There are 4 protein chains.
Amino acid sequence: MIKTEIGYTKVDAIVVREMDLAKDIIGRFDFVEMLLLTTVGRKPTPQEKNMINALLVVSLDHGLTPSALSARLTYLGAPEALQGAVAAGLLGAGSVFLGTTQNAAEMLIEAGAELPEDADDDEVASAARALVERMRAARKPIYGLGHNIHVSGDPRVNALRELSRENGFYGRHWRLMDAIGTAMQEKLGRALPMNAVAASASMIADLGLDPLLGRGIVMTGRCAGLVGHVLEERESPIALQLWDLVLDQDPRNERPQRTSR
Amino acid sequence: MIKTEIGYTKVDAIVVREMDLAKDIIGRFDFVEMLLLTTVGRKPTPQEKNMINALLVVSLDHGLTPSALSARLTYLGAPEALQGAVAAGLLGAGSVFLGTTQNAAEMLIEAGAELPEDADDDEVASAARALVERMRAARKPIYGLGHNIHVSGDPRVNALRELSRENGFYGRHWRLMDAIGTAMQEKLGRALPMNAVAASASMIADLGLDPLLGRGIVMTGRCAGLVGHVLEERESPIALQLWDLVLDQDPRNERPQRTSR
Amino acid sequence: MIKTEIGYTKVDAIVVREMDLAKDIIGRFDFVEMLLLTTVGRKPTPQEKNMINALLVVSLDHGLTPSALSARLTYLGAPEALQGAVAAGLLGAGSVFLGTTQNAAEMLIEAGAELPEDADDDEVASAARALVERMRAARKPIYGLGHNIHVSGDPRVNALRELSRENGFYGRHWRLMDAIGTAMQEKLGRALPMNAVAASASMIADLGLDPLLGRGIVMTGRCAGLVGHVLEERESPIALQLWDLVLDQDPRNERPQRTSR
Amino acid sequence: MIKTEIGYTKVDAIVVREMDLAKDIIGRFDFVEMLLLTTVGRKPTPQEKNMINALLVVSLDHGLTPSALSARLTYLGAPEALQGAVAAGLLGAGSVFLGTTQNAAEMLIEAGAELPEDADDDEVASAARALVERMRAARKPIYGLGHNIHVSGDPRVNALRELSRENGFYGRHWRLMDAIGTAMQEKLGRALPMNAVAASASMIADLGLDPLLGRGIVMTGRCAGLVGHVLEERESPIALQLWDLVLDQDPRNERPQRTSR
């Protein structure tokens, strides 16, 4: 039968996960609670909420990332369609940026499957080393290490680790990820610092969330960030300047002097 | 100069709205606070947070809307790209569904521009009647009225009005929207109930938010809802059944009996 | 009933516009013929084919336009999903770029509705002047004039006008568009040259095509162009350099020296 | 340096692959020639043109596929943005539908790498059997076999094979694909007929095209097909009926009787 367990609609009520949206949810559930209710069917604990909020906050994005640039360039051509600009930005959340959170979480869950929650440090280190060997032998990527700007350590990682500890979610996946960093350092002879993807993936895995949901959460955070970029683009546009900047890189392109826009 | 006021990146820090993401934001800002910080440059008050949470909660979506169906049909063809399925769902948030929240908020802000915050009921009713006349004369749509299922009243509207009152945001735009409903009823001789778009737009206008940001907020809520639908689609797929259902509508289509999938 | 007139599927045949795809279409219809068959239900004449080919060729795109940049930036983050990169590029085809072909064609069709096909030059000039007055009075845009690079004339316009003449499609909409250029020049006291949008719109209108189909044709051309950009991006990537270039514009951003990638 | 080899722009000329767009291309290149010029840098031969036209024609789409449904559902919510509806349709062209043409072509190119162009039938059959064994051992999918409707043979395959023969492109990849079908039949003890993906992939491989370009070509064909669906949706809408049809599947959903729309 074609149906969804998320909800249904009566003439005088909307039902979400068997609760009445108007009577029992609006004003009683905040967004993070609603997100978990919708996707998983239950309210998060206060600690889980802190964790999910941090995942959303950290992925929201700042700065002119490729995703933000794509949204702004799209808005330049189609300012009537905010949804198009946001969609264009989200479409970059794939196997290289952001979407890779899912892969990293899957890697940790698989590698940690045999590891008891109370494993000692040696067991964790050994599982990490085994993973590194296995991935390198299979020429597969090890997710979550290295950053093109934060070359001596991604500042978000420590903050997220601390937050996870405080909320009781520094578990075996976080420990494994930390140990993977150490194992790779031994292997390479130099530090390859953990990045925010590693931290987000560890949080998702230690929360026991489905990695696909984890990816969806960071994508939702990014959605809000892209809205911010489009809003700014409308007030202080840069997309046209960016286009000029690109054209000017190739001397074969000619461009008349503009006295004004 | 090409830059954004949202944030920038140093080798050892990420700065968002002049705050240090790792030190001052992670663990201290929840998602709604971060959303407002990023887009508007300040933290919301607790009352504003309640309002924005309700906007996100109400737009998150339930049930098999066109937007959810589009996401699920897209996931069927490209399960490797969650971002594509979510983007496909968001692309329907235009002038008919969801995106229309922006138009409704703009309508209210424009019509309420001359109305003092302490206008009495007669003044509000008169502004509403004037708007109805103006829109009808110009053959322009009046946003926020009518619903294809909740024909005798959208249950979300009362809940959102109540919440707005409790948080001190039942202001002149809400009153105007309510009066527009009354004015249209007088005009048409039958009730055309307010829908969730009307409520969301009133909230956005009374919060003093930019309508484009308001549209972005409801789109962010929807993003989370679409993630929920894709997650369910992976576990309990319906897209293929939906396709069969469609093909079977036209007797010219032939389809062999399937014994199993 | 839910069905499409475009086609249906039998166990041993696919039927498109009542023709057998395998027997009557493959190898007998080229792409432009199939495009018209599918959308309009008939084969184009050779002259119409020349015109539609030119619309496709001219919109295919060259150079690093915002649309191409958006596709490349998206590919950087999600190289596994060509469809996402192409979609991101297409999403910029809105009211400012490319999509505006539809608006321009609608403008010409509306303004030319009263004009007989054999109108003399004075009648055409007078309809053009009336349009210019009407649009300026209503503060509406006049589509198809001006170009940020080809300030003294878009080289595509003459070629497309010539082609239209040769194929018998330099009709009243082309003449009207040319006269609008002249009327605006009189008004402004300086030339505001016609751009490719004006030419494409004139061609669509003189072909008698639905403006929405016209927009769809130029979008299809652009789709092929975006494929070319993604293909080149895979071999000779520039998106990462573009990101660096942008970050370097704002001195607040720090970036370590990269010795290699 | 940030630049593209596809083209650049001078104040009075547009240069594509070192040719003058206005003087040398418009009116002289049709769409397929322009597509190959842009992506590969040269004009196709007449035989190659026939093949590429067939790839475009066959992927253009007919009927209410998930991709067409997604475009129509998106258009329902955002009729102002054709680009969004088309993008939503394209986003389903992934690893299951259409995009898989790339995977199938890659499979054939890899498996055929050691096979001389004049290999005899035994050599081809043996390479096919080796591929089937290798893929099954690695639990990887064998692309291009089976169809949910055309259970006793996809009618497009024979037509495309015939066309390829006529144009001199029935080469070792086509032969390998045919032999893979036979090898699978031996293995399974029942026929698993080749589908259009197999035929398209064979054509791409025997044309010597990059599989990513091949995928881009079929996506371009689909783009035109989606335009046709949106055009029809505007005139004879079905998306709202489809929504109702879905809601009616789940008896928990209530829906008032509609007297009219």
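Student: Which residue in strand 2 of chain B does B:Lys10 stand opposite?
Tutor: Quick ground rules: this is a predicted model, where local features need pLDDT of at least 70, side-chain atom pairs count only at pLDDT 80 or more, and totals for chains, interfaces and linings use all residues. Residues are numbered from 1 along each chain as its sequence is written, chains are lettered from A and ligands numbered from 1 in the order in which they are written, and side-chain values use heavy atoms, leaving out hydrogens and water. Now look across to strand 2 of chain B: the residue opposite B:Lys10 is B:Ala13.

Student: How many bridges join strand 1 of chain B to strand 2?
Tutor: Strands here are DSSP runs (E, at least two residues; helices are H or I, at least four), numbered from the N terminus. Two of them pair if DSSP finds at least two bridges between them. Strand 1 and strand 2 (residues 13-16) of chain B run antiparallel, and the number of bridges joining them is four.

Student: How much area is buried between chain B and chain A?
Tutor: Buried area is the accessible area (1.4 Å probe) that two parts lose on being put together, summed over both. Here 79 residues from each of chain B and chain A take part. In chain B, B:Ile2, B:Phe31 and B:Gln83 lose the most, together 11% of what that side buries. Carbon and sulfur atoms give 75% of the total, which is about 6,500 Å².

Student: How far apart are the closest N and O atoms of A:Arg234 and B:Asp210?
Tutor: A salt bridge is a side-chain nitrogen of Lys or Arg within 4 Å of a carboxyl oxygen of Asp or Glu. Two turn up between chain B and chain A. In the one formed by A:Arg234 and B:Asp210, the distance is 2.2 Å.

Student: Which helix of chain B gives the most to the side that touches chain A?
Tutor: That side divides into 45 nonpolar, 21 polar and 13 charged residues. (Nonpolar is Ala, Val, Leu, Ile, Met, Phe, Trp, Tyr, Cys and Pro; charged is Asp, Glu, Lys and Arg; polar is the others, Gly among them.) With 16 residues, the top contributor is helix 11 (residues 211-235).

Student: And how many salt bridges are there between chain D and chain A?
Tutor: This contact takes 23 residues from each of chain D and chain A, burying about 2,000 Å², 51% of it from carbon and sulfur atoms. D:Ile2, D:Arg252 and D:Glu254 supply 32% of what chain D buries there. D:Glu254 also meets A:Lys10 in a salt bridge at 3.4 Å, N to O. The salt-bridge count between chain D and chain A is five.

Notes
Contact = heavy atoms within 4.5 Å.
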